[in-house]
Amino acid sequence: MEIQLTVNGTSRAFVVEPADTLLHVLRREGFLGVKHGCEDGSCGMCAVILDGRVVNSCTMLAAQAEGKPITTIEGIGTRDALHPLQAAFVEVGAVQCGYCTPAMILAAKALLDQNPHPTEAEVRDALSGVLCRCTGYVKPVEAIMRVVNHRGDLGQGEVRDAATVQ
Ligand code: FES
Ligand code: FES
């Protein structure tokens with residue numbers, strides 16, 4: 001069957017099987033930042049932002065995502081122009097093996113899009129669905145709070161990007 005998905009702002013047709021999960025379709029199509037973990041909704045590695053909410057792409061069918069904007073880590077910043085969250089993760093050393101990092105950044109982005117000035121407790125809560133095997137939560141929280149606390153120092157474009165880049 002053919003479905004129309006909008007991934008990182010680009011809408012196009014995807015040929016899928018009815019039982020294909022969104023995780024499998026995205027990875028098959030080259031969005032390898034969507035990580036393959038438990039495949040049962042426990043680890044959060046496969047997170048994407050769907051219609052403004054963080055979802056585990058392994059627990060939904062690709063067809064269920066039709067008509068809703070999907071954001072993967074590939075849609076946030078570029079190698080040469082990192083998103084402020086990505087830059088902060090690098091600056092504070094919040095990346096260990098890196099397997100959970102895309103999901104953490106997507107979870108943080110979804111939070112900041114809804115609540116530009118979260119408390120540290122709210123940041124921790126937003127990350128709670130992402131299980132880091134390296135037990136690295138201190139630095140990711142520090143990185144996200146750095147973005148929260150320095151938003152006033154960012155230029156207009158960067159503030160907009162921090163809040164709304166798909
Ligand atoms: S791979 Fe989807 S929650 Fe673990
Ligand atoms: S940095 Fe290794 S799983 Fe989180």
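Is C46 buried or exposed? I looked it up: C46 counts as buried, because its relative accessibility is 3%. Buried means under 20% relative accessible area, exposed means over 50%, and partly exposed is what falls in between, with a 1.4 Å probe and protein chains only.

**Ground rules.** I noted that this is a predicted model, in which local features need pLDDT of at least 70, side-chain atom pairs count only at pLDDT 80 or more, and totals for chains, interfaces and linings use all residues. Residues are numbered from 1 along each chain as its sequence is written, chains are lettered from A and ligands numbered from 1 in the order in which they are written, and side-chain values use heavy atoms, with hydrogens and water left out.

**Entry on C46.** I found C46 in the loop between α1 and β3. Leaving out residues up to four places away in sequence, C46 touches L23, V34, K35, V55, N56, S57 and C58. Contact here means heavy atoms within 4.5 Å. I also checked G75: C46 and G75 are 29 residues apart in sequence, and their C-alpha atoms are 15 Å apart in space.

**Entry on the whole chain.** I counted six helices and five strands. Helices (H or I, at least four residues) and strands (E, at least two) are DSSP runs, numbered from the N terminus. Read from the N terminus, the order is β-β-α-β-β-β-α-α-α-α-α. The radius of gyration is 15 Å, close to the 15 Å that the globule rule gives for 166 residues, so the chain is as compact as a globular protein of that length. For my own reference, this radius is taken over C-alpha atoms, and the globule rule is 2.2 Å times the number of residues to the power 0.38.

The C-alpha atoms fill a box of roughly 50 × 35 × 25 Å along the principal axes. I noted that 44% of the 166 residues count as buried. Of the contacts between residues at least 6 apart in sequence, 57% join residues at least 24 apart.

**Entry on K35.** K35 sits in the loop between α1 (22-28) and β3 (47-50). Beyond residues up to four places away in sequence, K35 touches L23, R27, M45, C46, Y99 and P102.

**Entry on charges.** The chain carries 14 positive and 19 negative side chains, and the centres of the two sets lie 3 Å apart. Lys and Arg count as positive and Asp and Glu as negative, while His and the chain ends are not counted. The place of a charge is NZ of Lys, CZ of Arg, CG of Asp or CD of Glu.

How many salt bridges does the structure hold? It holds six, and I looked up these pairs among them:

- D20 and R28 meet with N to O at 3.0 Å; D20 counts as buried at 14% relative accessibility, and R28 as partly exposed at 48%.
- E91 and R146 pair with their closest N and O atoms 3.1 Å apart. This pair links distant parts of the chain, with E91 in helix α2 (residues 84-92) and R146 in helix α5 (residues 138-149), 55 residues apart. E91 is exposed at 54%, and R146 is partly exposed at 34%.
- R124 and E120 meet at 3.2 Å, N to O. Both lie in helix α4 (residues 120-127), four residues apart, which is about one turn of the helix. R124 is partly exposed at 39%, and so is E120 at 40%.

**Entry on α2.** I listed the buried residues of α2: P84, L85, Q86, A88, F89 and V92. Just after α2, G93 takes a positive phi of about 75°.

**Entry on V15.** V15 belongs to strand β2 (residues 10-15). V15 is exposed, with a relative accessible area of 60%. The C-alpha atoms of V15 and E2 are separated by 4.5 Å, although these residues are 13 apart along the chain. Which residues does V15 touch, not counting those up to four places away in sequence? I found M1, E2 and R28.

Notes: A salt bridge is a side-chain nitrogen of Lys or Arg within 4 Å of a carboxyl oxygen of Asp or Glu.
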